[in-house]
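Please read the following account with the sequence and the coordinates side by side. It moves from a whole chain to single elements and residues, and then from one chain to the other.

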Amino acid sequence: MTNSGFVPLEHIVATQLDDGDGVLVDLNTKQYYQLNETAMLIWRALENGHPFEQIVAEIMRVYTVDDDHAVTSAARLLKEFQKRKLVRLAE
Amino acid sequence: MPEVLSVDGSAALDPGRWDLPASDFVRYYLVADRIFCFKGVDEPVLNLVHEFLRGYFFKPTNLSEAGAPPAHLIQLHKTIPPALPASDSGFEIEDGHCYTSDDQIVLEVNGSTIVVGPPEFNRTDVWLSQGTPVRHPLALNNVILYAVQAALRRAGLYQFHAGCVLSDNDQRAILLVGDSGCGKSTLTATLVRGGWNFVSDDNLVLCDSASGIEAWALRRYFTFDEATLNACDLMTFKESIGGRVPGKTEKFRFYAPVAFPGKFVETCLPGAILFPSISSEPRSRIEPLTQGDALARLIRQCPWATCDAAAAPLHLQVLSKLARQTRSYTLFASRDIFENPASIPGLIAQQVEILSNPQ
């Protein structure tokens with residue numbers, strides 16, 4: 001996989017807080033989402049166009065988790081972002 | 001019709017270029033260090049706006065005194081407005097409908113039309129309908145209010161419904177934030193009665209500055225019903241009680257600067273936020289909130305932060321900075337503090353940390 005496969009949609013505004021948590025606001029639906037530190041880390045990685053492998057490596061660098069756990073967490077979060085129409089497939 | 005903005009984003013105007021000939025029909029107002037220009041077609045229209053703005057901290061000024069160009073132009077028309085968008089985009093608002101696109105919004109309010117131009121135009125056009133005043137007593141005021149709120153947003157000033165007080169000892173203020181009926185006006189009045197400096201009971205603007213997020217008073221008076229005036233022992237300041245609020249006959253205007261001279265502060269830096277909630281528990285208590293929970297509540301209180309797409313990113317950034325600049329708490333307000341208002345300052349002093357350093 002050369003990238004995560006997804007990029008944030010243009011109408012999603014993200015803001016990060018001091019404790020690492022963040023909030024996403026969907027300007028189309030007016031919905032907002034509270035993200036924990038891990039989810040925010042993944043969102044920032046998507047904004048920076050990081051490949052899936054780099055996102056997993058970043059999770060393992062920040063948290064004491066093994067490779068399987070990091071891969072599962074990242075994949076689950078990406079699926080959740082996709083389900084809530086916060087990201088689109090990268091071209 | 002001198003100027004017509006189309007609703008699809010293209011416009012018959014040049015960004016930043018306003019035709020402002022020397023005219024008696026132009027007035028300037030200063031709000032939170034920014035200048036707003038109102039251009040009307042005749043004196044009566046400008047007088048109508050002026051009367052409305054007298055209730056707010058819109059200070060008449062002129063360009064030579066202000067020393068800076070206007071941040072935003074509000075152009076008032078009495079001609080036929082542009083056609084409203086045919087699409088069903090947007091959403092219902094009080095007294096009308098809001099049509100949205102990526103960079104501008106069109107509001108239909110009580111039969112009048114407001115076009116808030118793209119951000120680079122710094123202008124809002126208002127077509128006042130002759131039919132608007134007959135709809136209800138506040139119909140015209142509501143039109144002007146929607147236009148002013150949009151102009152403020154485009155100039156980086158975000159209207160915010162909150163009480164705001166400042167103790168004599170602190171450099172930072174406490175915001176009291178919540179829906180109508182949560183007790184914020186009563187708490188604000190009680191704290192002011194107890195010696196705190198006041199900024200506003202319900203109507204502020206927030207803006208980003210080099211010092212942090214600033215809160216500025218927007219409305220000049222409090223509004224209370226008679227029971228609250230009695231409960232807060234404010235009826236003793238008879239000279240401060242104005243007339244009833246037009247259209248809300250159960251509410252009175254209360255001029256706090258008259259009742260508490262020297263205790264009014266026009267602007268401050270918030271250091272704490274209290275979200276009051278009426279509680280049936282025997283005793284009041286205060287619980288801290290995470291920044292994420294606080295920001296979520298702030299967004300809920302500011303519907304335009306997500307509805308005005310062009311202003312939304314900066315609006316949300318201001319709310320996010322406010323959440324980071326403050327400590328936030330839920331105040332579960334029980335009967336004890338309303339029966340013994342003098343206990344509120346003690347409760348706050350014990351349990352609320354007011355951040356004093358910029359984050």
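**From chain A to chain B**

Of the 91 residues that make up chain A, 42% count as buried, and this value, like the others here, comes from a predicted model. The threshold behind the word is a relative accessible area under 20%. Chain A exposes about 5100 Å², of which carbon and sulfur atoms supply 49%.

The secondary structure of chain A consists of three helices and five strands, and their order along the sequence is β-β-β-β-α-α-α-β. The C-alpha trace of chain A spans about 35 × 35 × 20 Å along its principal axes. For 91 residues a compact globule would have a radius of gyration near 12 Å, and the 13 Å of chain A agrees with that expectation. Among the contacts in chain A with a separation of 6 or more, 52% are made by residues 24 or more positions apart. As for charge, chain A carries 9 positive and 14 negative side chains, and the centres of the two sets lie 9 Å apart.

Within chain A, strand S2 (residues 12–16) deserves a separate look. Four of its five residues are buried, so S2(A) is largely enclosed by the rest of the structure. Its partner is strand S3 (residues 22–26) of chain A, which runs antiparallel to S2(A) and is joined to it by five bridges; in S3(A), Gly22(A) is the bridge partner of Gln16(A). Five residues lie between the two strands of this hairpin, and there Gly20(A) takes a positive phi near 95°.

One of the pairings is that of Cys207(B), whose bridge partner in S15(B) is Glu214(B).

After H4(B) comes Gly195(B), which has a positive phi near 110°.

Finally, a residue in a loop: where in chain B is Ser240(B) found? Ser240(B) sits in the loop between helix H5 (226–231) and strand S17 (241–245) of chain B. Its relative accessible area is 0%, and Ser240(B) is therefore buried, since the term applies under 20%. Leaving aside residues up to four places away in sequence, Ser240(B) touches Arg253(B), Phe254(B), Tyr255(B), Val258(B) and Ala259(B). With Ala259(B), the separation is 19 residues in sequence, while the C-alpha to C-alpha distance in space is 5.5 Å.

Methods. Residues numbered from 1 in each chain as written. Chains lettered and ligands numbered in written order. Predicted model: local features only at pLDDT ≥ 70, side-chain atom pairs only at ≥ 80, totals over all residues. Heavy atoms only, no water. Rg over C-alpha atoms; globule rule 2.2 N^0.38 Å. Buried < 20%, exposed > 50% of the residue type's maximum accessible area, 1.4 Å probe, protein only. Contact = heavy atoms within 4.5 Å. Areas by Shrake-Rupley, 256 points an atom, 1.4 Å probe, with all protein chains shown as cover. Lys, Arg positive; Asp, Glu negative; His and termini not counted. Charge placed at Lys NZ, Arg CZ, Asp CG, Glu CD. Pairing = 2+ DSSP bridges.
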